[in-house]
Amino acid sequence: MSKPILTMKGISKVYRTGEMDTYALKDINLTINQGDFISISGPSGCGKSTLLSLLGLLDVPDSGQYFIGDQDVSNLSLTEAAYVRCEKLGFVFQSFNLIDELSLFENVAMPLRYRREKLSEKAIQEKVMHSLSTVDMTHRSAHKPNQLSGGQQQRAAIARALVGSPTLLLIDEATGNLDSKNSDQVMEMFIRLNDEGTTLCMVTHDTHCADMAKRRLDLLDGKLENSSIVEQISV
Amino acid sequence: MSMIREFQLALNSLSRVKGYSAAIILTLGITLGALVAIFMVNYQLLSAPLPYDNQDRLFISKGSSFRDSEIKLSDTSPYPALIDAYSFKDTDFEKKALINFNVDVIRNFPASPRVNLSYITPEYLDMIQTPFALGRNFNAQEGLGAKAPVAVISYEAWDKLFNKRQDTIGQTLRFGEVNFKIIGVTAKNFVEPELVSVGRLTDVWLAWDFNLTEEGWRHSWGGQLSNHHLIGLLKPGVNPEQVSHQLTSRLNNRYRQELAGRSFFKSSSIDFVLTSFREKIIGDSYQQTLLLFTGVFLLLMIAVANTMNLILARAANRQRIMAIQAALGAQKSDLFRSILIEMSLLMSATVVFSLVFSYAGIDLIKQLKLDWLPRANELSFNWLSIVFSTLVSGLIALVTTILVNRQLDYRKLSQMMQSGGKGTALQVSKKVRNILILSQVALATTMLCVGVQVFHQSISNIIQPSGLATDNVYQVKVDIGITRLASTKVLEDNLRATRKLFTENPKISSASIAMGFPLSASTDEYFFSYLSEDAEFQKQQQGVVSLIDENYLDILQFELIKGRNFTSSDYDNVKNVIIINQAFADKLAPGDEVISKRYYWLNAPGNSPYEVIGIVRDLTLPNTEELPRVFIPYMAFDFPEFLLEVLPKQSLSAIELNQMMAKVNKEFKVSKLIDIKNAHDRLVHHDKFLASAAAVLTLLTIFLASVGVYGILTYSIQLRRSELGIRMAIGATPATIYIEIIRESFITVLAGLAAAGVILAGLWLWLENTSFVDELSVWGALFPVLLIIILTALASLFSVWQIISKPAIHSLQNAQ
């Protein structure tokens, strides 16, 4: 059996508006193992993005425990959380979130420059070019994001997510802003990356995309309802 | 839409953003108010005509004496030369008058009040169209040589001395031995020209014949008198320089004729220059007020840059409303007008606020009675203040509206509604934001550098020890009345008895008879004379003489650095010994031992030289270079003074001193009682004002610059919120984000500091020709730079705090 790389126990997230509490996530238990490709789907407002934010340490839970490997990351400081994000997690966003003022090379190099242990420029150069070659974008390294098509921008965003060899790649509606042809290409890329050993967790409302994952989880009203392969993913 | 309706809409809109409106009205109102007040001061000095008809034809003489073509005495004239100039029938003058400024005590009043006197010929008050509240001016029969004992008093003196009694005309004032009959009281609205010094106004005008010049000096062409002048109203079209030249030529010829054969005056000459009233009154005081104007103007510019930032931020927030207006057919000119109307409303409120503030400012300036600011009593809040404030506000409204309008992309604005309100038609470019920060930093650094330098210099002057005891010491000037007609023996006995009486008073610990105090208000009060190695005075050196007894140096705590102090025997026996200060020692014998050397004194009662028995340390009086001083044990008979050291927490009044002196001689009256501490404080009065003004300007600058830089950075960071969110999402720590923000801000800040350097270099080129800055302090330059760097670091931290203090998702949500 594969080694668990991420474990959530009884995680809840509440949004407070005045005196009213709204549970975005309630008592989530989730384990992701090395080599998994999980999709989390559900209707709008079910808590998909909130769950992804907690998984990616972009936000903090109100209760529960969260481990990445053996490290308890439930209550990290903002700085510690940033280092964990930088060194262990990779993000792919729906709207690509590339920085317009920077070239593709600099966009991809950014997570490496934020690391606690600084890399040499040569090492950065090698890693960035390798990552860009993974998504077939080396020839565009000097271009600015606004000089690229949507599909190319998303591939560049995937290169940025992969450049630090993350333990887990978190994907948020990665095909939401793409046409069907580009969507298929991106999904094929995720499957290839998973085949090569990268662990992926994808949030999507597109059932077609969700079905392309090895494991599918459904989220409804902040609760994980079922899993298509329950024997591998404990809920 | 009617204009009124547009104004109503703008007013409604502004009433919903009270904080925004208040911030603009307050910052611009305060700075503009200060600018209006300083503008009025500058107008008064540089442009406002003097309140006399023919003010451009009114001149006062300024005489000088030269030896070997080198100026020896400035602003002095021989008495007979003035009489000659006044009496000579020439065609260039419409009117001429003589004037002598002095002070004296009114002897027929119980408190023997000391008043400012002007001895004049009858033409003077006519020339300046003096209005009268009561009585009349001197007439032709009361002119030169008539010896008419008549007096005109000022409105203030009428109030002070007679409580505005209507029967004042015909009352008498006794000066010396003469009773003067009051014939007139000047009107309240009469503005006397400040021809002697700032704020010096005449209480009583007396006929010229009674001026206190001794008989010998009245006929001496060799004597030079200060405070005696010829006043002239030139005929229209007459060139004053030509008249000065003719006067100098004629009087100099007469001077040489009169002094022919006297070797001392062999290479001497005099000149006689006519100076306009305006030049005499204003002097170079406008340089300081112009500097203040520049400072406050820079402050206003900082406030304008702040306002620009607020307006741009508001315009960015209102672009959806403007997009709807554009979609409904509003042209760019309509949008311009709507912004201009809103700005006009804000500026109208700013004008009102600034006028209230400037009214208070002008009143404060008048109350302060600054001794370097002439014509302050004429300052007023008037239509010019309103026009200036309105014009500047209008200009600010127009410029800011044009700049905002230039940032507005009308094409994008029109398209916004078609794309469901997405996109932006007004996003202040990075270049504009950087220009705003750069200008803020450049202006603020310039202001801070100047402010800190001025503050540092002023405080140094204020706290610098003078080397003189100033606590519990009084200087008492004594008017001896008709005792001056008595023998020197009687006078000497009277003065010694008075000193003894003073020392027996339980309040007084020590007393000294002296003449010549180091803290005199003006050099006119100093007794300048010469010491020379040779009896012919070929190697003479000028110094200030103090005639003192053996207690004087001890009471004032002069530090003896060589030799010894006077003994009572030196004083009682009028020994030919002197003590000099280090400055005089350096002049008399540069690099040589001066103790025991002998020097001749020009005014010595005999022909024997004086031996130097001691050297005292130079004083370090604020804003004055130490003069060479010589102390001589000799009694001053005509104008004696006492120095009285009182016990701690004791004070003296003129009345009690008069009572004490009356036991010795009823003619002895206090003519001036000076608390030395107050005299010293007067020397730093200007520094105190400068330190306060610099402190206020510096604090205002720090406040405005902080708010301004913070505002711009906050706006910039808001625009970058999503980008920063992305950076945080992919692993940037809060510290990394903060350092990145600082690094980017500092590039602009460094450019601003460089721009400030250029401005300051230009300012320095101007200032080095003025008396404002004696020396530059390194701290004065470094402190503002450090302060700006710290302010930027803090402003960056506060601006980015909302982002870096929260989990990354808060910023990232903007990016999604």
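A polar contact here is a pair of N or O atoms within 3.5 Å; within protein, one must be able to donate a hydrogen and the other to accept it, and residues adjacent in sequence count only if both atoms are side-chain atoms. Welcome to a predicted model, in which local features need pLDDT of at least 70 and side-chain atom pairs count only at pLDDT 80 or more, while totals for chains, interfaces and linings use all residues. Residues are numbered from 1 along each chain as its sequence is written, chains are lettered from A and ligands numbered from 1 in the order in which they are written, and side-chain values use heavy atoms, with hydrogens and water left out.

**View 1. Chain A meets chain B.** Across this interface there are five residue pairs in polar contact, both partners at pLDDT 80 or more. Salt bridges between the two chains number zero (a salt bridge being a side-chain nitrogen of Lys or Arg within 4 Å of a carboxyl oxygen of Asp or Glu). On the chain A side, α2 (78-88) and α3 (104-113) each give at least two residues (helices, H or I, of at least four residues and strands, E, of at least two are DSSP runs numbered from the N terminus). The largest share, six residues, comes from α2(A). By class, this side has 13 nonpolar, four polar and five charged residues (Ala, Val, Leu, Ile, Met, Phe, Trp, Tyr, Cys and Pro count as nonpolar, Asp, Glu, Lys and Arg as charged, and the others, Gly among them, as polar). About 1,800 Å² is buried between the chains, 63% of it on carbon and sulfur atoms (buried area is the accessible area, 1.4 Å probe, that two parts lose on being put together, summed over both). Look for A:Leu58, A:Leu78 and A:Tyr114, which supply 35% of the area that chain A buries here, more than any other three residues.

View 2. B:Arg727 counts as buried because its relative accessibility is 8% (buried means under 20% relative accessible area, exposed over 50%, partly exposed in between, with a 1.4 Å probe and protein chains only). Beyond its neighbours within four places in sequence, B:Arg727 has contacts that include A:Ile99, A:Leu102, A:Met110 and A:Tyr114 (contact means heavy atoms within 4.5 Å). A network of salt bridges links B:Arg727 with B:Arg720, B:Glu723, B:Glu740 and B:Glu744.

**View 3. Domain 1 of chain B against domain 3 of chain B.** Domain 1 covers 69-266 and domain 3 covers 473-677, with bounds from an automatic or database domain assignment. Their C-alpha centres lie 30 Å apart. In this contact, 13 residues of domain 1 face 17 residues of domain 3. Together the two domains bury about 1,300 Å², 43% of it on carbon and sulfur atoms. On the domain 1 side, B:Arg107, B:Arg114 and B:Glu177 lose the most area, together 42% of what that side buries. Two salt bridges cross this interface. B:Arg107 pairs in a salt bridge with B:Asp479, with the closest N and O atoms 2.6 Å apart.

**View 4. Salt bridges within each chain.** A:Arg16 and A:Asp21 form a salt bridge, their closest N and O atoms being 3.5 Å apart. Here A:Arg16 is exposed at 56% relative accessible area, and A:Asp21 is partly exposed at 43%. In chain B, the side chains of B:Glu142 and B:Arg136 meet at 2.8 Å, N to O, in a salt bridge. B:Glu142 is buried at 9% relative accessible area, whereas B:Arg136 is partly exposed at 33%.
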